Amino acid sequence: MAKSLNILIAALSLIAFSPFCLCSKAYGSGGYLFPQFYDHSCPKAQEIVQSIVAKAFEHDPRMPASLLRLHFHDCFVKGCDASILLDSSGTIISEKRSNPNRNSARGFELIEEIKHALEQECPETVSCADILALAARDSTVITGGPSWEVPLGRRDSRGASLSGSNNDIPAPNNTFQTILTKFKRQGLDLVDLVSLSGSHTIGNSRCTSFRQRLYNQSGNGKPDLTLSQYYATLLRQRCPRSGGDQNLFFLDFATPFKFDNHYFKNLIMYKGLLSSDEILFTKNRESKELVKLYAENQEAFFEQFAKSMVKMGNISPLTGAKGEIRRICRRVNHAY
């Protein structure tokens, strides 16, 4: 744990004393987010999040990818408001039940652990939405990726949207245009789409998310020809035509626990696991050029990934008097 924490602290210290304020006007919101939001109200907030994420990584190497995914799935549904964390209760139908999240989204207990520690340090101050944003950044850093200042000041929603989770989060089998449209609805563009997809340099996917590529991509009983047939043969060994739905596979088989640019190198070799990955290289000229750029230049990928993460984190946050600061992330305060 000490080694992981030292990596985080070293990376974050490079940006901690920036001479300017990285104040971000949030997309779809009248409020501003800024990295210094808790400097006086909870000065140890970021340190607490970093420490717990580092400890979790030591025990579960999959956790960083899970935390990144939670932030992504949160922001694409009603904005970055921690709605994904709410359990079903009263009038709330949890987003955890949606197709993108059911039997897939994880890390909820760790977010609650972070929240509990923050409540001990500074009660009713740090939002669950900000915890998700910080944990996503720390997860990237601890696996070898870039760091960035996280604009803060989000508040938590008092509701969730199951339909939004089902409809707004890009799916593995969506067409390129459908995925790009879903990004554009959030104020994100094609560059954001390609760079943020690079988060699949870590993490896993289930057999059920790509099985059609192995056996019946276009409804004609034939495999996806944009998938390396050698790679497909290996995948079929643990992803049969039926059964094994929950079997896990690395999204980046080359360096599955390291945040790097091998994801893009895999796409060029037609070894992207998901259809939604490979189509970045096969279905659009502009995205193909970006894939090639990031495959050749990891620094360019890291720089854009950090920018796009800040941009995604600015999607329609609740600020000012909107929403609340939940005391427990899985339920709204009036449920007490």
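With which side chain does the side chain of Lys-78 make a polar contact? The partner is the side chain of Asp-81, at 3.2 Å; a polar contact here is a pair of N or O atoms within 3.5 Å, one able to donate a hydrogen and the other to accept it. The model is predicted, with local features needing pLDDT of at least 70 and side-chain atom pairs counting only at pLDDT 80 or more, while totals for chains, interfaces and linings use all residues. Residues are numbered from 1 along each chain as its sequence is written, and side-chain values use heavy atoms, without hydrogens and water.

Lys-78 sits in the loop between helix H3 (63-75) and helix H4 (108-121); helices are DSSP runs of H or I with at least four residues, strands runs of E with at least two. Lys-78 counts as partly exposed because its relative accessibility is 39%, between the limits for buried (under 20%) and exposed (over 50%, 1.4 Å probe, protein chains only). Beyond four places in sequence, its contacts (heavy atoms within 4.5 Å) include Glu-95, Ser-157 and Ser-316.

Ile-111, Ile-114, Lys-115 and Leu-118 in H4 are in contact with Cys-128, Ile-131, Leu-132 and Ala-135 in H5. By class, this contact has seven nonpolar residues, one charged and no polar.

An unreviewed UniProt entry lists His-200 under "binding site". His-200 lies in the loop between helix H8 (190-197) and strand E3 (204-206), and is partly exposed because its relative accessible area is 23%. Leaving out residues up to four places away, His-200 touches Leu-251, Asp-252, Tyr-263, Leu-274 and Asp-277.

Terms used. Ala, Val, Leu, Ile, Met, Phe, Trp, Tyr, Cys and Pro count as nonpolar, Asp, Glu, Lys and Arg as charged, and the others, Gly among them, as polar. UniProt positions are given in the numbering used here, feature names are shortened, and annotations may be inferred rather than shown by experiment.
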